[in-house]
Amino acid sequence: MLDPNKCPFCDLSHGLANSIKYESVCSRCGSALYPAEKQILEQSGNRIIKRIEKEWPLSFYTQWPIKRGYIAKTQDVSLNGIQILSHTPVSEGQLLKINSHMLDAVAIVVDVREQHTMLKKRWRVGLQYVTLRFHNTQGTFVEVNA
Ligand SMILES: [Zn+2]
């Protein structure tokens, strides 16, 4: 379960709980803090998800403190989660921090399928958002680069 007072990725106690704002990010690791389930209930989220493209690059991080990031490509995007193609294996139940030009999220791995290509192995990974923050929202929004 998501503890509303903690960052789901690095576990920092931020104490924001119900005052988490749409644009809130963790002051330590920069992860999105806005609960994805709230996003699902909101009209703006639905509007955005219909509008955005389904394929784009993202980077993800598997652990805190961050050692390195990995590059992947999305295959499908919905308001519940995303499907990505990764050249790095991840395991079910693992928590990932996602950064991209479309959205930032913390997401949990719910499905992993190995795919063989001519050249190298890759994995199709299904992710469910824990927190979610779109970049192209309608409101006044200040991008913070950590
Ligand atoms: Zn954090």
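Visitor: Which residues of the largest nonpolar core touch the most other members?

Guide: The core holds 27 residues, and L96, A105, A107, L127 and L132 touch the most other members. At least two core residues come from each of β1, β3, β4 (95–99), β5 (103–116) and β6. The greatest supply is from β6, with 6 residues. The model is a predicted one.

Visitor: What makes this set a nonpolar core?

Guide: The term requires buried residues of nonpolar kinds, Ala and Leu being among them, joined through C-beta atoms within 7 Å.

Visitor: With which residues is A105 in contact, leaving aside its neighbours within four places in sequence?

Guide: A105 is in contact with A32, I98, Y129, T131, L132 and R133. Each pair is called a contact because the C-beta atoms, placed from the backbone, lie within 7 Å.

Visitor: Why is K97 called buried?

Guide: The threshold is 20 or more other C-beta atoms within 10 Å. K97 has 27 of them within that distance and therefore counts as buried. This lysine is found in strand β4. Leaving aside neighbours within four places in sequence, K97 is in contact with F9, C29, S31, F60, Y61 and V106. Its C-alpha atom lies 9.8 Å from that of Y129, with 32 residues of separation in sequence. Of the 146 residues of the chain, 25% count as buried.

Visitor: How do you know that β4 and β5 pair, and in which sense?

Guide: Pairing requires at least two bridges found by DSSP. β4 and β5 have 5 bridges, in the antiparallel sense, and so they qualify as a pair. Here L95 stands opposite I108 in β5. The two strands form a hairpin with 3 residues between them.

Visitor: Which strands make up the closed barrel, and in what order?

Guide: The barrel has 6 strands in the order β1-β2-β3-β6-β5-β4, with antiparallel pairing. Neighbouring strands are turned by 45° against each other on average, direction ignored. Strand β1 (residues 57–61) pairs with β2 (residues 69–77) over 5 bridges, and S59 has I71 as its bridge partner in β2. A further 5 bridges join β2 to β3, where K73 is partnered by L85; these strands form a hairpin with 3 residues between them. Strand β3 (residues 81–86) meets β6 (residues 121–134) over 6 bridges, with Q128 as the partner of G81.

Visitor: What makes the chain as compact as a globular protein of its length?

Guide: The chain has 2 helices and 6 strands, in the order α-α-β-β-β-β-β-β from the N terminus. Its radius of gyration is 15 Å, close to the 15 Å that the globule rule gives for 146 residues, so it is as compact as a globular protein of that length. Along the principal axes, the C-alpha atoms fill a box of roughly 50 × 35 × 30 Å. Among contacts between residues at least 6 apart in sequence, 49% join residues at least 24 apart.

Conventions. Residues numbered from 1 in each chain as written. Predicted model: local features only at pLDDT ≥ 70, side-chain atom pairs only at ≥ 80, totals over all residues. Helix = DSSP H or I, 4+ residues; strand = E, 2+ residues; numbered from the N terminus. Axes fitted to C-alpha atoms, helices over the stretch in contact; angles between N-to-C directions. Buried ≥ 20, exposed ≤ 12 C-beta atoms within 10 Å, placed from the backbone. Contact = placed C-beta atoms within 7 Å. Rg over C-alpha atoms; globule rule 2.2 N^0.38 Å.
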